[in-house]
Amino acid sequence: MDRLLVALVACALVGSVHCATGSFPWCYHLPTCNDTTWPTQVPQHCNGSRQSPINIVTADATGDSSLTAFTFTNYDSKTALKKVMNTGRTVKVITDSGVQISGGGLSDHYESIQFHLHWGNGSSTPGSEHTVNGKRYPMEIHIVHVKASYRGNTTQAIEDSNGLAVLGFLIEVDTNTTGLPASWKTLSSYLANITEAGQEVAISHSISLDDLLTGVDRTKYYRYLGSLTTPTCNEAVVWTVFKESIKVSKDVIDLFSTSIHAGNSSAPLMTNVYRSTQPAQPVRTQLAETSGDTRTCYSLGLMALSLLFGKC
């Protein structure tokens, strides 16, 4: 991998707004550097054949018995979220070592290094990256994990087609609440301290990943092989997109597009920070469960047929 790619990947994964010399200034909001230009500016990967995000068509998802439940290690830790930063392109939270996932049809243990968010422009203008049956949600959170055997070495991980495992959770508006869930209100309270690109602050509140994923059934999900959704778009990601969304109140969602800037305080507010959907990829999901009532009716039907033909 050449030096430009290494520099760009370091920017995407580590989250520094001050990227290495030689990297192009990719963006979401300007026609000279938005996602329509990435395939020509970083042709090594951004015009590849397994790019993310995608539109998930639920009817096309193939059942796969290997997609079992995940094991979440230290997702309940109240001290695992270390600091929150404004990268100039998103809000990113760095996670402590020891936060891991396994199971879920993954080939290895994967260790979390960070999570970040994608959003539109307020709760009324959706900005999730993945869509489901054409529906775009207000926000999406991506929890990024590196294969544990790489011990946090992202340069090695992005050269492995399964080097990264990213959990994607869609976020939608809970219209009946204000300031909820409490975990999300706490997280959003830090936005006032990172209004300008490059600013970061330590997280002092007791808050866990489990707290942020409150109410979500994490046994039901979609799986596909894809890429990073920012340059250099390396095709090294095992994607898991969960079927149930996180419910967050409108006032909390709106803070992300009204509080922080893509540069200094005179720069535009950070809005519509998501990549357009890419060509479809094969999607897998859990095998459909057959209800007890369905099995009973099927058995009774066979019995009736047996009796009918037995009298002929």
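What follows is a working chat about a predicted model of one protein chain.

User: What should I know about the model before we start?
Analyst: It is predicted, so local features need pLDDT of at least 70 and side-chain atom pairs count only at pLDDT 80 or more, while totals for chains, interfaces and linings use all residues. Residues are numbered from 1 along each chain as its sequence is written, and side-chain values use heavy atoms, with hydrogens and water left out.

User: How many helices and strands?
Analyst: The chain has 7 helices and 16 strands. Helices (H or I, at least four residues) and strands (E, at least two) are DSSP runs, numbered from the N terminus.

User: And what share of the residues is buried?
Analyst: Of the 312 residues, 49% count as buried. Buried means under 20% relative accessible area, exposed over 50%, and partly exposed in between (1.4 Å probe, protein chains only).

User: Helix 6 next. Which residues are buried there?
Analyst: In helix 6, residues 250–259, the buried ones are Val252, Ile253, Asp254, Phe256, Ser257 and Ser259.

User: What do they pack against?
Analyst: Strands 5, 7, 10, 11 and 15, plus helix 4 (182–189). Contact here means heavy atoms within 4.5 Å.

User: Which residues does Ser188 touch?
Analyst: Ser188, which is found in helix 4, touches Val252, Leu255 and Phe256, not counting residues up to four places away in sequence. Ser188 has a relative accessible area of 4%, so it is buried.

User: What is close to its side chain on the polar side?
Analyst: A polar atom of the Ser188 side chain lies 2.9 Å from the backbone oxygen of Lys185.

User: Switching to strand 14. How many of its residues are buried?
Analyst: 6 of the 6 residues, 237–242, are buried, so strand 14 is largely enclosed by the rest of the structure. Val237, Trp239 and Val241 point one way, and Val238, Thr240 and Phe242 the other.

User: Which strands does it pair with?
Analyst: Strand 11 runs parallel to strand 14, joined by 5 bridges, and strand 13 (residues 221–226) runs antiparallel to it, joined by 6 bridges. Two strands pair if DSSP finds at least two bridges between them.

User: Which cluster is Phe242 in?
Analyst: Phe242 forms one aromatic cluster with Phe70, Phe72, Tyr75, Phe169 and Tyr221.

User: What charged end sits over Phe72?
Analyst: That of Arg218, 4.7 Å from the ring centre. A charge sits over a ring if NZ of Lys or CZ of Arg is within 6 Å of the ring centre and within 35 degrees of the ring normal.

Methods. A polar contact is a pair of N or O atoms within 3.5 Å; within protein, one must be able to donate a hydrogen and the other to accept it, and residues adjacent in sequence count only if both atoms are side-chain atoms. Rings of Phe, Tyr and Trp (its six-membered ring) pair if their centres lie within 6.5 Å; planes under 30 degrees apart count as stacked, over 60 as edge-to-face and the rest as tilted.
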